[in-house]
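Hi,

Here is the structure I said I would pass on. Have a look at it first, and my notes follow below.

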Amino acid sequence: MKIYTGRGDEGMTDLRDMSRVSKTSPRIEAYGSVDEANTLVGTARPTGYDDVDETLERIQNHLHIVQADFANPDPDEGDPVVTADHVEELEDAIDEADEELDPLTSFILPGGSEAGATLHHARAVVRRAERRAVDFAADEPANAEAIRYLNRLSDALFVLGRLVNARDGVPEESPSY
């Protein structure tokens, strides 16, 4: 497989159905932000905690599905799409991690250990991806479950960032107003 094709040299790219769109289209912005988030999640791995790393690996695979889903305006049966099961899997991971954490009583400053801070950064990028997805979905076909997944993923990355920091013994800091 050749890495470069030259097809994007004029500022256009192919969707999964081979239609051509501008690289600045809201759809491309959405799945480009998902790609950026996936890269950050990969940067956080390994965290040093097998259970967290396994969750992050599943998330990375799910993010590839989100990208494929967003790149396909008219999916056929058998095409990769995000389902309610993907969202439920995230909710289960959030609940499991949350059981180990002290209850949240205020906002916290993002940061902490290298992995924890990277997960907080990934959370912020996922929030941008979600905004971009909501934007393109206002005018084009989009899978609502994929957008819901991104919403839940920002919560999951927040909790996982807290969990890694707690396990690393890094105290949470609240903002001062």
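Let's start inside: α2 is the top contributor to the lining of the largest cavity, giving four residues. Helices here are DSSP runs of H or I with at least four residues, strands are runs of E with at least two, and both are numbered from the N terminus. Before going on, please note that this is a predicted model, where local features need pLDDT of at least 70, side-chain atom pairs count only at pLDDT 80 or more, and totals for chains, interfaces and linings use all residues. Residues are numbered from 1 along each chain as its sequence is written, and side-chain values use heavy atoms, with hydrogens and water left out.

Back to the cavity. The structure has one cavity of 30 Å³ or more, and the volume of the largest cavity is about 40 Å³. (On a 1 Å grid over the protein atoms alone, a cavity is a set of points where a 1.4 Å probe fits but cannot get out; a pocket is an open set with protein on both sides within 12 Å along at least five of seven lines; lining residues have an atom within 4 Å of a point. Points are joined across faces, edges and corners, and the volume is the space filled by probe spheres set on them.) Its lining is made up of T55, R58, I59, H62, E89, L90, A93 and Y149, and α2 and α3 are the elements that give two or more residues to it.

I59, one of those lining residues, sits in helix α2. I59 has a relative accessible area of 1%, so it is buried (buried is under 20%, exposed over 50%, partly exposed in between, with a 1.4 Å probe and protein chains only). Setting aside neighbours within four places in sequence, I59 contacts L90, Y149, L153 and L160, where contact means heavy atoms within 4.5 Å.

Now for the core. The largest nonpolar core has 45 residues, and L56, F70, Y149, L150 and L153 touch the most other members. (Such a core is a set of buried Ala, Val, Leu, Ile, Met, Phe, Trp, Tyr and Cys residues joined through side-chain atoms within 4.5 Å.) Helices α1 (26-44), α2, α3 (84-100), α4 and α5 (144-167) each supply at least two residues, with the largest share, twelve residues, coming from α5.

Rings of Phe, Tyr and Trp (its six-membered ring) pair if their centres lie within 6.5 Å; planes under 30 degrees apart are stacked, over 60 edge-to-face, and the rest tilted. The ring centres of F70 and F136 are 5.2 Å apart and the planes are at 85°, so this pair is edge-to-face. F70 belongs to helix α2 (residues 50-70) and F136 to helix α4 (residues 114-137), 66 residues apart.

What about the largest pocket's volume? The largest pocket comes to about 280 Å³, and its lining includes M1, K2 and R20. Strand β1 (residues 12-14) gives the largest share of that lining, three residues.

One last thing to look at: R45 and P46 are joined by a cis peptide bond, with omega about -5°. P46 is in the loop between α1 and α2.

Cheers
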